[in-house]
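Trainee: Before I look at the model, could you show me how to read its features one at a time?

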Amino acid sequence: MVVALILTWQAQAQDTKAQYPKMAPLDQYLMERNAEIALARSAGPKSISRDADILVLGPHGYETAMKGQNGFVCMVQRSWAAPFDDPEFWNPKAVAPICFNPAGARSYLRLLIKQTDLVLAGRSKAQVAETMSAAVRKKELPGMEPGAMGYMLSKQTYNDRDGHWHPHLMFFAPLTDPIAWGASRGSPILGFKDDPNRLTVFLIPVRNWSDGTADLDGN
Amino acid sequence: MNRKTLVTIAFGSFALVVALALTWQAQAQDSKTPYPSMAPLDQYLMDRNAEITMARSAAPESISRDAEVMVLGPHGYETAVKGKNGFVCVVERAWTSPIDSPEFWNPKGRAPVCYNAPAARFKVSLLIKTTELVLAGRTKTQIFDALTASIDKKELPALEVSAMCYMMSKQAYLSDGDPHWHPHLMFIVPLTEAASWGAGSPGSPVINAFVNTPERHTVFLVPVGNWSDGTPYVAGN
């Protein structure tokens, strides 16, 4: 499945790029607050997300909607959390709920919030990438902490290319070649480098969605 | 250093899964007597080529074909095949289990594992040292005392960031009660609470296998869907 998704990516990229050439009007990315809270929580098993901080996206950036007590932070990522070369970078329909563990919240989430602020300030994709890169280089943003990770087990995750894809865990490491974790064909680990942010993201599909049902076909 | 610390130092790929088996407690009583001491050495040894194949079965071929492969000989682990991708594949024996594991001396135990480079520098050094002590005829207590001293004196490399490994072999024999368990990945991190990864929370795919003592580290397991040969894991097979 994963291989198939990767193989079809190239073909779809061209069509999709033309479809989302720039940011859509902001309101297309915003959601009803309670729906967004529920969607954010769906990223992790209830045992984790019920005690997590919940962030929601407002016109001026992410804000805390619910205070938690276990150090996890759940939120709904929008399309601009994708790699800068992703053709769906501006897809207003894309939603990617995630629950960060405390180390992920202290490191990767900080970058995501900064990136969102730049997007909402009307910066172009190139400007966002350049600003993020400079901020990371000057250590205005934190590096990835050991053990920084997140849960993405929501059935409601969506983008045009992958649909709901698979429930998976995300790991955020300092910039390294993905092969250092064995991310390659046949491996249960996928990895990609995020050069502007000086980090490498690893994805590990797991068997069940957050509601406990099995991932039968991935979509 | 107390016994609990000693136990945790020599954890191995074995121990993690043995400890995890849901039926472990029930089986422990039955298994306590079968392996009271080390069996004759030849029961732990394998045909060299079979051991190389089994070691490689820990990970997908894309990883294991370029990995260094180590095998157990009468005098310890030795490199059988040189690698070029930084991974080290090896078949661990049951003496990487905790000292109180009833299967510590189980000669049937085989735990194929492929460590990435950061994990290999720590874990393979520990495995080599542990096995030397075993083959020198030391008792469990002597082994763990010696390992504790080595770690305290920093004679073994420190744990590195991003240490992880693959355990996806269908041929694994991890315990009498649940020989193959699940194909899985293991992450070895500086000491942290299980809750910091959400491990063990109902519905979480992350399992906290082992929390070492304050000076040591924590291991998390993530079961994956397929064995290293690409076939899916099916419960009960």
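Mentor: What follows goes from confidence to the fold of one chain, and then to the other chain.

Mentor: This is a predicted model, in which local features need pLDDT of at least 70 and side-chain atom pairs count only at pLDDT 80 or more, while totals for chains, interfaces and linings use all residues. Residues are numbered from 1 along each chain as its sequence is written, and chains are lettered from A and ligands numbered from 1 in the order in which they are written.

Trainee: What pLDDT does chain A average?

Mentor: pLDDT is the predictor's confidence in each residue, from 0 to 100. Chain A averages 91, and 91% of its residues score at least 70. Over residues 1-11 of chain A, however, the pLDDT is below 50, and beyond near neighbours in sequence this stretch has five contacts in the model, a contact being two residues whose C-beta atoms, placed from the backbone, lie within 7 Å.

Trainee: Why does the radius of gyration of chain A agree with that of a compact globule?

Mentor: The radius is taken over C-alpha atoms, and the globule rule is 2.2 Å times the number of residues to the power 0.38. With 219 residues, a compact globule would have a radius near 17 Å, and chain A agrees because its radius is 16 Å.

Trainee: Which helices and strands make up chain A, and in what pattern?

Mentor: Helices (H or I, at least four residues) and strands (E, at least two) are DSSP runs, numbered from the N terminus. Chain A has six helices and eight strands, which follow one another as α-α-α-β-β-β-β-α-α-α-β-β-β-β.

Trainee: In what order do the strands of the sheet lie?

Mentor: Two strands pair if DSSP finds at least two bridges between them. In chain A, eight strands form an open sheet in the order β2-β1-β3-β4-β5-β6-β8-β7, with mixed pairing. The edge strands of chain A, β2 (61-66) and β7 (190-194), each pair on one side only. Strands β1 (residues 53-58) and β3 (residues 73-77) of chain A pair in the parallel sense over two bridges, and D53(A) stands opposite V73(A) in β3(A).

Trainee: How many residues of chain B are in contact with chain A?

Mentor: On chain B, 32 residues are in contact with 33 residues of chain A. The elements giving two or more residues to this side of chain B are α5, β5 (163-167), β6 (184-190) and β8 (217-223) of chain B.
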